[in-house]
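Here are my notes on this model, in numbered points. Please read them with the structure open.

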Amino acid sequence: MHTLSTAPVHLIVADDHTLTRAGLVLLLEQIENVEVVGEAANGEDLVRQAEALEPDLVFTDIGMPRLDGLDAIRRLAVTRPGVRCVVVSMHETAAMVRRAAQAGAAGYVLKNASARELEVAIREVLRRGAYFSPAVATLLLAPSEPGPGDLLTERQVEILRLVAHGRSSKEIANVLQLSPKTVDVHRSRIMDRLEARDVASLTRYAIRTGLLPG
């Protein structure tokens, strides 16, 4: 049993994978005075519960249906600014950690974190306002490759995201209200600027730079 403080700490855990969520809840409940007051399987449910329950902390995955974890954090930063959000993710990329921080996350830990590290994360976020796992904190100090926004226009970033999600040119044209020919021109320019040979290369780039959570 791990001891945090005398005051109870209320948390909500969000992850769309039931077994992963259950495992995280089990680890958190090993920490004395920590109480998991809610569980969510998607971002919309997370926001709804957090607004209703106003927990001290939220532990959330990134890739979830309906609303992803980062968008949920952005919403809560507006509607419940007092709720601190910690990302729990398998992604060990500087780009993803930066995206989480920019969205308003107060912390970032990896899914292989121990109960001890989760306790440290809770304590540091509540006391100091932030905690980033040492494994990802070092990534923030390393030089990063140019992100999509550095190399592409806003429209091209939108198209890249949809391509990485497996959408065809016709589907992208319908979503963005463009002609398929215009989409094809953008795709060609995107591949030239990113020096990508195929869709698989574009998808790997989108995941690597945090554009696509995966």
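Helices (H or I, at least four residues) and strands (E, at least two) are DSSP runs, numbered from the N terminus. The model is a predicted one.

1. Six strands make an open sheet, and their order is 4-2-5-6-7-8. The pairing is parallel. Strand 4 (34–40) and strand 8 (131–132) are at the edges, and each has a single partner strand, so one side of each has no neighbour in the sheet.

2. Strand 5 and its partners. Strand 2 (residues 9–14) pairs with strand 5 (residues 57–60) in the parallel sense, over four bridges. Leu57 of strand 5 is the bridge partner of Leu11. Strand 5 also pairs with strand 6 (residues 84–89), again in the parallel sense and over four bridges. There, Val87 in strand 6 is the bridge partner of Thr60.

3. Faces of strand 5. In a regular strand, side chains alternate between the two faces of the sheet. Are the residues of strand 5 buried on one face or on both faces? Both faces are covered. Leu57 and Phe59 are buried on one side, and Val58 and Thr60 are buried on the other.

4. Strand 7 (residues 107–110) and strand 8 run parallel and are joined by two bridges. Opposite Gly107 stands Tyr131 in strand 8.

5. Helix 3 on the sheet. Helix 3 lies across strand 5 and strand 6. Its direction is at about 175 degrees to strand 6.

6. Helix 2 against helix 3. Helix 2 (residues 43–53) packs on helix 3 (residues 69–79) at about 20 degrees, with the axes 9 Å apart. Angles under 35 degrees count as roughly parallel, and helix 2 is therefore roughly parallel to helix 3. The crossing of helix 2 with helix 3 is right-handed. On the helix 2 side the contact holds Gly43, Leu46, Val47, Ala50 and Glu51; on the helix 3 side it holds Ala72, Arg75, Leu76 and Thr79. By class, five residues of this contact are nonpolar, two are polar and two are charged.

7. Helix 1 against helix 5. The axes of helix 1 (residues 18–28) and helix 5 (residues 115–128) come within 9 Å and cross at roughly 75 degrees. Helix 1 and helix 5 are therefore roughly perpendicular. Leu24, Leu27 and Leu28 from helix 1 meet Ala115, Leu118 and Ile122 from helix 5. The contact of helix 1 with helix 5 has six nonpolar residues, no polar ones and no charged ones.

8. Leu28. This residue belongs to helix 1. Is Leu28 buried or exposed? Its relative accessibility is 0%, so Leu28 counts as buried. Leaving aside residues up to four places away in sequence, Leu28 touches Leu11, Val13, Val34, Val36, Phe59, Leu118 and Ile122. The C-alpha atoms of Leu28 and Ala115 are 6.5 Å apart, although 87 residues separate the two along the chain.

9. Helix 8 against helix 10. Helix 8 (residues 154–164) has these buried residues: Gln156, Val157, Ile159, Leu160, Leu162, Val163 and Ala164. Helix 8 packs on helix 10 (residues 180–194) at about 90 degrees, with the axes 10 Å apart. From helix 8, Arg155, Gln156, Ile159, Leu160 and Val163 take part; from helix 10, Val183, His186, Arg187, Arg189, Ile190, Arg193 and Leu194 do. The contact of helix 8 with helix 10 divides into six nonpolar, two polar and four charged residues.

10. Most residues other than glycine have a negative phi. Which residue other than glycine has a positive phi near 75 degrees? Asn33 does. Asn33 sits in the loop between strand 3 (31–32) and strand 4. Asn33 counts as partly exposed, at 26% relative accessibility. Arg66, not a glycine either, has a positive phi of about 70 degrees. Arg66 lies in the loop between strand 5 and helix 3. With a relative accessible area of 63%, Arg66 is exposed. Gly166 follows helix 8, and its phi is positive, near 90 degrees.

Definitions and conventions: Residues are numbered from 1 along each chain as its sequence is written. This is a predicted model: local features need pLDDT of at least 70, side-chain atom pairs count only at pLDDT 80 or more; totals for chains, interfaces and linings use all residues. Side-chain values use heavy atoms; hydrogens and water are left out. Axes are lines fitted to C-alpha atoms, for helices over the stretch in contact, and angles run from 0 to 180 degrees between N-to-C directions. Angles under 35 degrees count as roughly parallel, over 145 as roughly antiparallel, 65 to 115 as roughly perpendicular and the rest as oblique. A crossing is left-handed if the near helix is turned anticlockwise from the far one by less than a right angle, and right-handed if clockwise. Contact means heavy atoms within 4.5 Å. Ala, Val, Leu, Ile, Met, Phe, Trp, Tyr, Cys and Pro count as nonpolar, Asp, Glu, Lys and Arg as charged, and the others, Gly among them, as polar. Buried means under 20% relative accessible area, exposed over 50%, partly exposed in between (1.4 Å probe, protein chains only). Two strands pair if DSSP finds at least two bridges between them.
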